[in-house]
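Me: I have a sequence and a structure open and would like to learn how to read them. Where do we begin?

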Amino acid sequence: MTTDTSKSTAKSTKNLLSAKEVTRRGFVKGAAVTAGVAIGSGAITGFPTIWAQNIKNVTLRQFGTGVSNINAVADKVKEDLGFTLQMTALDSDAVAQRAVTQPKSFDIADIEYWICKKVFPAGTMQPMDTTKLKNYDAISKLFITGKLTPDSEIAQGTAPHTVGFVESADSVDFASAPTQWMTLIPTIYNADTLGIRPDLINRPIDSWSELLNPEFKGKASILNIPSIGIMDAAMVCEASGLVTYGDKGNMTKDEIDKTIAVMIEAKNAGQFRAFWKSFDESVNLMASGEVVIQSMWSPAVAAVRSKGIACKYQPLKEGYRAWGGGIGLAKHLSGLELEAAYEYIDWYLSGWVGAYLNRQGYYSAAPATAQKFMSEDEWGFWMEGKAAAGDILSPDGKVMEKAGAVRDGGSYEERMGSVACWNSVMDENKHMIRKWNEFIAA
Amino acid sequence: MAFDMSKRSSYFLISPMALIFAIFLVVPLLTIVIVSFWDYDEYRILPDFIFENYSYLLGSSVTWKIYLNTFKYAALTWGFTLLIGFTVAYFLAFHVRSLTWQIVLFMVCTIPFWTSNIIRMISWIPFLGRNGLLNSALMGLGIVDQPLEFLLFSDFAVVLADVHLYTLFMVVPIFNSMMRIDRSLIEAARDAGASGFETLRQVIVPLSKPGIAIGSIFVITVVMGDFITVRLMSGGQSASVGLQISNEIGVLQYPAAAASAVVLLITVLLIVTALLRMVDIRKEL
């Protein structure tokens, strides 16, 4: 429930601020006009001074899922860039809703790529000109070509590079190859797998199929966010050999029906203890011992472990289900605010945030710049799969792993290199959601 | 002339209320009805006039299952809250003699309402869990040797939480009805030779009917529309109509959610109408 409360506080703070914001924004626009006049009158040399002063008055409103809406980032933006970043954290459904239905309520959208596939065509966002980004070349090739290394295979699902570019500045059609116009600048991503309680299972787990193993009857859980849950379900069905898929990220009606049939059968046999929807629920289910094997997110595993309870983010032979998010610009941004947004996005890729995210167990989209902000030991543990030489601390200074620990799943290349499928939106989305509801109601 | 004036002034006096109703009830409801005929895709709602939302909704076996499940929760919750609510109200109205104590005990009943609904619900989770207080106690006492799994994330848990949350809605109107019963009627019943049970059945229950009806309307409408209790207490494993609507809104299927809402509204209105047919609650007002 903590998310709910923080959400409502975030909202009420926002309401309080919005009144102020109107005048502030009016001022910013006026300032931008002044700047324009200054250029027009030939006083080009004066421009940077005016700009540098005015940017302090800019407030950018960013909203997104909790994972990357971190107050520390807003503080650092104020320190490094001088302007104010307001953050609002929502769940993924609410993020998609807000991006489409309240386009004026945000300046920067922090959304996942599968949400981008749904949201960008609605025309409430504008693509970014990559030539304005100094750190564009530092972005991992995973987001540009879809291949981590030149010889890696492109995973199924909504791989970020497939919705990462549009044809032109005012297009909403995704481009099939990289262009100058990027929909989202990637910020954060990870490879997800099953979390287990090794102390209660007592044997090695190496396949997604174990989720439906009758041995764990009444002690398994799966997440109830249809677009992600269906993917976990597909990984399970494929691993058990019950269903074969052409593309798990874009299933046919028949494949969806078969997958849901398997899940309904398991549900009716009492396989699942509960379904979870929020991060906290997954932590509580695992920490309380209600569930011993379930879909899980990396920081949730860390949260269980920080309570002194054994929990493992188990790598599986079929590979990971990956997800990624990025930040994009609202359509209405222009002038000074747009400049500030570009400034912010470039800064995001410049390494400080990347290091922060890496230390939380996520991955930075520009690993090379993040490395500069991490100690050798930290880089070795999080990115290279090496045993930690000293204690590994979280960004806020808590001990996350003791010296000698090795990251579950190993190095960056091992984990991101064995992605089987990306979170996605399917062509048969409507049908999938109806079937998923059948599963929940069964 | 004078008649006209008073008519006009009464129209004037009711106009603020009428306006509020129009803006905050009629307009939103009409919007929902209109949107329920629209089309949608992954990220947009498309103005249209189609019956697909309704035909899918009414033709799907899932809907029927969900309604059946919701009716089950509503019926069970109604039964238990009525039984408990009636007993509590009866005790307060007829066994507690002094008005001061009646007020004090009535206030005691409302104490749980000083905290949020959700907190009261959540507090059941650590209590009922597999390693929760109740299971630990039962196992510690040697009553069971395996933890009782049905206690949490089950229909049992949902109904338990509902009953806990909504019994007071039953107590208040029934207590109110009972306090209006003329005590001499009960004396008369006793004088006429009725036993305690007969008095209850033939005097008190019929005279408490308006209170029972009002309480029932509260409880049934709340449970029919509930989604958070069902989601949390069933561990997301059961569905209710409210939860279905909330899920549809979550995945941006506003027209489908609107259609579900319209059907639910009609269903609840039918139930309320039926209740009002059986009991004349105007007596109470």
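Reply: We begin with burial: a residue is buried if 20 or more other C-beta atoms, placed from the backbone, lie within 10 Å of its own, exposed if 12 or fewer, and partly exposed in between. A nonpolar core is then a set of buried Ala, Val, Leu, Ile, Met, Phe, Trp, Tyr and Cys residues joined through C-beta atoms within 7 Å. This is a predicted model, in which local features need pLDDT of at least 70 and side-chain atom pairs count only at pLDDT 80 or more, while totals for chains, interfaces and linings use all residues. Residues are numbered from 1 along each chain as its sequence is written, and chains are lettered from A and ligands numbered from 1 in the order in which they are written.

Me: Which residues touch the most other members of the largest nonpolar core?

Reply: They are Ala109(A), Val419(A) and Ala157(B), in a core of 182 residues. Helices (H or I, at least four residues) and strands (E, at least two) are DSSP runs, numbered from the N terminus. Helix H8 of chain B, residues 155-179, gives this core its largest share, 13 residues.

Me: Why does this core lie between domain 1 and domain 2 of chain A?

Reply: Domain bounds come from an automatic or database domain assignment. The core lies between domain 1 (2-183 + 323-349) and domain 2 (191-319 + 418-441) of chain A because both give residues to it.

Me: How many residues of the two domains are in contact?

Reply: Two residues are in contact if their C-beta atoms, placed from the backbone, lie within 7 Å. In chain A, 15 residues of domain 1 are in contact with 17 residues of domain 2. On the domain 1 side, H5(A) gives the most, with 3 residues. Val419(A), leaving aside its neighbours within four places in sequence, has contacts including Ala155(A), Ala191(A) and Gly319(A).

Me: What about contact between the chains?

Reply: Here 22 residues of chain B are in contact with 28 residues of chain A. Helices H3 (61-95), H5 (117-122) and H12 (241-250) of chain B each give two or more residues to the side of chain B that touches chain A.

Me: In which sense do strands S1 and S2 of chain A pair?

Reply: Two strands pair if DSSP finds at least two bridges between them. Strand S1 (residues 59-65) and S2(A) pair in the parallel sense over 7 bridges, and Thr65(A) has Leu90(A) as its bridge partner in S2(A). Strand S2 (residues 84-90) of chain A is mostly covered, with 5 of its 7 residues buried.

Me: Which strands form the open sheet in chain A?

Reply: The order is S5-S8-S7, with antiparallel pairing. Strands S5 (128-129) and S7 (165-166) of chain A are the edges, as each pairs on one side only.
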